[in-house]
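Hello,

I am handing over the structure below. My notes on it follow.

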Amino acid sequence: MINIYEVNETNQMIQQDNLDVRTITLGISLMDCIDGDLHKVNDKIYEKITRVAKDLVSTGQEIEREYGIPIVNKRISVTPIAIIGEAACKCPEDYVTIARTLDRAAKTVGVNFIGGYSALVAKGMTKGEENLIRSIPQALAETERVCSSVNVGSTKSGINMDAVCLMGEMVKLAAEFTKEQDSLGCAKLVIFCNAPDDNPFMAGAFHGVTEADAIINVGVSGPGVVKHALSKVRGENFEVLCETIKKTAFKVTRVGQLVAQEASRRMGIPFGILDLSLAPTPAVGDSVAEILEEIGLERTGAPGTTAALALLNDQVKKGGVMASSYVGGLSGAFIPVSEDQGMIDAVQEGALTLEKLEAMTCVCSVGLDMIAIPGDTKPSTIAGIIADEMAIGMVNQKTTAVRVIPVIGKGVGEMVEFGGLLGYAPIMPVNKFSCEAFVNRGGRIPAPIHSFKN
Amino acid sequence: MKKSIITVVGKDTVGIIAKVCTYLADNGVNILDISQTIVQGYFNMMMIVDTGAVKSFDTLAGELEELGKGIGVVIKCQQEEIFESMHRI
């Protein structure tokens, strides 16, 4: 039988170390909403989302209450809208009507974000996919809760450089369309390589075309718990360090597994995957950077950071995998800047640069995340940043992503405030040299040699 | 049988257990096990109870929380599975 020490340990994790379930994300297929008539598409999408997700928020709250574990977000992901709208949408503005419908449906069911305003263009773009991409800046400016993602590369098919170039422009436009809110639109836009079909985390969540009609995916979190556990083994060797991370990750993941199974049972919707990611928040003590510092770095970004992060990421997976029946999504440590107090401090003290962050993305999920850059950064430079990150993902057979925010009207050293879980960030300098001739060559980068495994 | 865990943490004072137990008895909740320690002057108690006969778990948890506020301690009521899943394979 459970004893008082175990009960206290669990409750300490929840109350003092910010253990929570970061998100229950309900994936909904919109394949059956496809229609040649734009009004009908919109009506069907609204009807399906509000029907399937009507109990999502209340179920989450019930589970929260009964187990005493906070479930911070309840969210929805849908089939990439480029596919759903292609038959009906003749221009970018047509797609924007679907974005408004998604936003309205999200508000009706009470979720704080809905993901899947997306296009999968790793190899090429259809006319509809290009229209969707061109509609993203307006869609993000006109809606509050819609999140967008575009997959522009994969290990299997290479990198679609035409799409990379276009996304450089769209990121810049999204920033300009929302310049009154510190270019917030870009915080809701992710560019991926090897995007997973079952990622529960925003802004990159979408319901993959290989998925069932509806599915529950859960993302756990627990940087604070890992940090607390590591504070008890200071000075011990790597074996002890790794064992401690694994054991902690196992416990954290078991809570996520319980919540996922319960949500699935109560809503009558199959359980998809559990995402093992260590997801930080701007709250003190809920930071991945603080874990790296607890491991032994004076500041995140110091030499040794990439190795420490590689170790952390791997041990979290090893501990978590056994705790869940299905693991998927991104599953690794997140290193967003604006959403992690330790990262923000490291940038402000000059310990952490864009280039070091890029190196760190080679060994963890997910990529250059929530990084504010100067508002006068050229679209071609943003495309170059995207291309670099996509290349890392393609060659290393992992997911990588870019979510950078060129903050219009602000320059290096100034602060930008996004609010809530999105946090705040100092604007980081970007390499001034041009890559225009490179990114504008046109066409695609072929798949790497080690992708030919058949 | 539906096992739940009640934890009571706070400054030690006269009658904490009595008040919690009275409330549970009045609401048809059977106590299966009690363990209690004092950590650095703080009262720390865990009860395993059967909430199978309780009409609304939500109300029970809410009322216990309120009761705790009256005594000056923190009372939490959680279903057992969260602890089982974390500490037992």
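The model is predicted.

Chain B has three helices and four strands. Read from the N terminus, its elements run β-α-β-β-α-β-α. Its radius of gyration is 13 Å, close to the 12 Å that the globule rule gives for 89 residues, so chain B is as compact as a globular protein of that length. Along the principal axes, its C-alpha atoms fill a box of roughly 30 × 30 × 20 Å. Buried residues make up 31% of the 89 in chain B. Of the contacts in chain B between residues at least 6 apart in sequence, 66% join residues at least 24 apart.

In chain A I looked at two places.

One is helix H8(A), residues 223–231, which is mostly covered, with eight of its nine residues buried. Among these are Pro223(A), Val226(A), Lys227(A) and His228(A). What do the buried residues of H8(A) pack against? They pack against helix H1, strand S7, helix H9 and helix H10 of chain A.

The other is a helix pair. The axes of H5(A), residues 92–109, and H6(A), residues 127–142, come within 8 Å and cross at roughly 45°. That angle makes H5(A) oblique to H6(A), and the crossing is right-handed. Residues that meet there include Tyr95(A) and Val96(A) in H5(A), and Leu132(A) and Arg134(A) in H6(A). The residues of this contact divide into six nonpolar, three polar and four charged.

Regards

Key:
Residues are numbered from 1 along each chain as its sequence is written. Chains are lettered from A and ligands numbered from 1 in the order in which they are written. This is a predicted model: local features need pLDDT of at least 70, side-chain atom pairs count only at pLDDT 80 or more; totals for chains, interfaces and linings use all residues. A residue is buried if 20 or more other C-beta atoms lie within 10 Å of its own, exposed if 12 or fewer, and partly exposed in between; C-beta atoms are placed from the backbone. Two residues are in contact if their C-beta atoms, placed from the backbone, lie within 7 Å. The radius of gyration is taken over C-alpha atoms; the globule rule is 2.2 Å times the number of residues to the power 0.38. Axes are lines fitted to C-alpha atoms, for helices over the stretch in contact, and angles run from 0 to 180 degrees between N-to-C directions. Angles under 35 degrees count as roughly parallel, over 145 as roughly antiparallel, 65 to 115 as roughly perpendicular and the rest as oblique. A crossing is left-handed if the near helix is turned anticlockwise from the far one by less than a right angle, and right-handed if clockwise. Ala, Val, Leu, Ile, Met, Phe, Trp, Tyr, Cys and Pro count as nonpolar, Asp, Glu, Lys and Arg as charged, and the others, Gly among them, as polar.
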